[in-house]
Amino acid sequence: MPDGMNIDYDGLIPNNVGLAEDQRVRKALETWHPGYIDWWKDMGPEGFQESLVYLRTAIGVDPKGWAKFDYVKMPEYKWGILLAPAVEGRTIPFGKHKGELAWQEVPGEYRALLRRLIVVQGDTEPASVEQQRHLGATAPSLYDLRNLFQVNVEEGRHLWAMVYLLHKYFGTDGREEAEELLQRRSGHADTPRMLGAFNEATPDWLSFFMFTYFTDRDGKMQLEALAQSGFDPLSRTCRFMLTEEAHHMFVGDSGVQRVVERTVQAMRDAGINDPYDQAAERKLGVIDLPTIQKKMNLHFSLTLDLFGNEISTNAANAFNAGIKGRYREDKIEDDHDLIGATYPVLRCVDGEIVREEAPALSALNMRLRDDYVKDCESGVVRWNRVIEKAGFSFRLALPHVAFNRAIGEFATIKAGPDGVVMDAAAWAARAGDWLPDAADAAYIDSLMVPVREAGQYASWIAPPRVGIDNKGGDFEYVQIVQ
Amino acid sequence: MIMHNSLDGRVSCNIMQFMEQQMTGPVEKPIIEFRTEPARYRHWRIEIEGPVAHLIMAVDPAGGLVPGYELKLNSYDLGVDIELHDAVQRLRFEHPEVGAVVLRSGREGVFCAGANIRMLGQSSHAHKVNFCKFTNETRLSIEDATAHSGQRYLSAVKGAAAGGGYELALTAAHIMLIDDRKSSVSLPELPLLAVLPGTGGLTRVTDKRQVRRDLADVFCTAEEGVRGKKAVAWRLVDEVIAPSVWDATVAQRAREAAARTDRPTDAQGVKLPWLERKIEGGSITYPHVEVRCDAGLRRAEILVAGPSLPVPGDVATAVALGADFWPLAMARALDDAILHLRTNEAELGLWMLRTRGDAALMLAYDAFLEAHQNHWLMREIRHFIKRVLKRIDVTSRSIVALIEPGSCFAGTLAELAFAADRSAMFVGDRGGEASAMLTVGPANFGAYPMGNGLTRLQTRFLGEAATIERVRASLELPLDAEAAADLGLVTFTYDQTDWDDEIRIMLEERASFSPDSLTGMEANLRFPGPETMETRIFGRLTAWQNWIFQRPNAVGPDGALKRYGSGQQAAFDRQRV
């Protein structure tokens, strides 16, 4: 029996869940496996399936030594089922079952609710791989190419994690859902992915960095909330996924920072003082600061839509049932059942944005979104420090939560990045100042030329300060085999 | 406070109500208005492309009938359904060129989420019941249009059709579901709200779609519903369509459906203008219909005036009269009066039906309608009258017809006497007025079937084929009280000496009984004989639903409807009753 800390690599599917002894689930997963590999080859990174990529693979789930690095062909990556170690005697931390022993099996009455949550979470994992599959062709360096692939294989593993839960706990319905996770396609007219933001293209590398910073951070928030779950296998799965998700956000955070660094460095070298002089900045082959701001506006607002309606019965039900908690529920000091409590919610009343107290149970999406916005700020502060140190007065800023929204309270109004409500015509007239337009896209696209020599970096991005696994920036992170 | 508005406002029609308001504070309950028109719609759009109409639901979340809930996700309340009812009616009368109607959503990601839960949670029992009755009637009127008007309904379900949303889709003759791996049909009332899919949901699944009963059991307890090919396999929808060919296929199906119509392509529709109605004191006045409310005696008197103008010489003249043509004008007025009284005058528990006019002329109008029954407009009018009479059949009021000298209970209007729970006929003349007569016409033998599929005479004389033949033998002969009683067409006959007293005592006695037991008894006695989908919806499904609507498991402080949206689950009394 595995002790829950080490991973059994003997079978087809690496795992720390005793798959060798669980014939039923092993058979289901082994049946699902070929379909997954076909999906990866069809929809995974395009053109690099034979290349050797310097990837980390989990070898244990304890915080210290869980990863080892080596060259791997991506289709041979050791995807597997990894759960954080069980905590003896863990109890349900919130909701009406608070204090009861955490469930090791799905309670019948919450089966549909849990399955839906897991399927939605699961659907986002392959979706982002699909969204990013063309990016390999234009990677600004081997270092970035490797980071992209690391993100991709880990998203693939997250899909495995969700599929394990579906196979293990949800019977035939679960197997059907697992199959469908391989059938849907990001952006496909007939079989789209479930959530809007996961059907948007990731057209260029700045979008990729923004996506991993902003959208993967939504993933982090959702995983944090699910890591609190009273359904113990889900909690343990999500806890382990979070350790991987942190790397994705590092890729986004450091990626944007390196773009900013390169831009302000080039501006200083060329003696440009006006950050709004886009034409001059673009002549330098870097991405001007206003365009970086526009990309931020786009990805931040699209991601906010993933939090759903501010007032949500589903969120309330999931909390009360002990299925999905709040961000860092275990660190919050209150009664953890929220009956009778209130929470301030931004609402749209007669076209105005007002703050109203709402029942805290119904306002959980709003609360998670607030936590998310706070979490997003840290990177923006770091990026601005780079700009400030370079001596420019320009500051990047998150747009107002009402800006450019399609879901929730603000879907029916038009607001600028500063939160000022305006009519649709006035908004449309200014949209090009706030969101990337065709000209911006064309310019960024023109910069997207591949750089495939170890230690070389595209004109628009600075090298990293340190590499991966203590290797330098000039390490050959990918041995390309075309 | 008494509000006064010369046209539509309500002057509190009686002293009792006034006193009640004084005692309980100024609770001015606004009158619920069933009259509307497309320019006033907040929730629906009608878009017409040649022979195809698109009936598009885009509910304004802020457009609820009363404050306290938001109509999110294309959920509906009575106000939304009033517009739907109006739209269905107008498509039939104003658009002879339309042969197919596509029900669809104007909101992204959702077809219709059904009746608004918070609205149900905060509504009184009476409002819920009345709301469901009206929505049921509207759903049936959609099916009536498909069956009898040559206006075939299709549902184009894109996004979730949940609960009442799927029940709406179920009214169509053909249901299309987009196969985007998200859109589903569901009846989650039981698992989610501890009530029933009571707007025909259960009954249409088994009786109309003929879904196997065990699959129906699974479907009605699965909150998330069914999508894709399984929905077709279970017969919940007729086809699933890939998103890339969705628009083209829906358009194609609509054209195919429209091609099957027998409606004229070149006819002018009849505009249904704003219905004139004057509410003053205790009286409500329409063209051809007058209502007098007596709150003290808890009853309403509905007086229907027969036609006064001669029968049009030809059908073109009748078409030119349009909404002023007596049968249509009378039906519109009576329809609104019924809806108004049901919804806004719940304490008037007894309706007295009276008529006046020229019986021979009434029969001549019937003959005209019958002679031109294949003309699209005359057909519409007859089906409309049929539906108005059906509303009476399912109204939870004691209904008494008074057949007096000067009355016009003949043919179509005689149906009012047969729809009543009991009738009384005046024997002999009264102050120089000619004796009261009751005249059976051809219209009483098939033009206006009840929900059970039988005529009111067949229902009245269940198992008495010979009696029906005796009645038929006196077709178009004015029958005096004695003859009518002999044929069993009336309940009581009284002469001058007894009439006033007997009627007074009968009405007073009736008004003294428990309104609930009366409702139950009347609903049972009105529908003897065979069951149809329609009678099952009103008689069985609704009765169960209304029982559940009273139970703490649904509406108690810890019940599912009250707790919905709070995140807290309902606490059930687990005892099976």
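This is a predicted model: local features need pLDDT of at least 70, side-chain atom pairs count only at pLDDT 80 or more; totals for chains, interfaces and linings use all residues.
Let me begin in chain B, where strand 4 (residues 100–105) and strand 7 (residues 152–157) pair in the parallel sense over 4 bridges. Strands here are DSSP runs of E with at least two residues, helices are runs of H or I with at least four, and both are numbered from the N terminus. Two strands count as paired if DSSP finds at least two bridges between them. One bridge joins Ala100(B) to Arg152(B) of strand 7 of chain B.

Residues are numbered from 1 along each chain as its sequence is written, and chains are lettered from A and ligands numbered from 1 in the order in which they are written.

The open sheet in chain B has 6 strands in the order 1-2-4-7-9-11, with mixed pairing. At its edges are strand 1 (44–49) and strand 11 (239–241) of chain B, each pairing on one side only. From one strand to the next, the twist averages 25°. Across strand 1, strand 2 (52–57) and strand 4 of chain B lies helix 2 (residues 78–94) of chain B, at about 20° to strand 1 of chain B. Such angles run from 0 to 180 degrees between N-to-C directions, and axes are lines fitted to C-alpha atoms, for helices over the stretch in contact.

Is Ala231(B) buried or exposed? Ala231(B), in helix 9 (residues 228–233) of chain B, is buried because it has 24 C-beta neighbours inside 10 Å; the cut-offs are 20 or more other C-beta atoms within 10 Å for buried, 12 or fewer for exposed, and partly exposed in between, with C-beta atoms placed from the backbone. Leaving out residues up to four places away in sequence, Ala231(B) touches residues including Leu177(B), Val185(B) and Val240(B). Contact requires C-beta atoms, placed from the backbone, within 7 Å.

In chain A, the axes of helix 1 (residues 23–43) and helix 3 (residues 142–169) come within 11 Å and cross at roughly 145°. Among the residues making this contact are Trp32(A) of helix 1 of chain A and Tyr164(A) of helix 3 of chain A.

Finally, the contact between the chains takes 18 residues from chain A and 14 residues from chain B. On the side of chain A that touches chain B, helix 9 of chain A gives the most, with 5 residues.

Terms used: Two residues are in contact if their C-beta atoms, placed from the backbone, lie within 7 Å.
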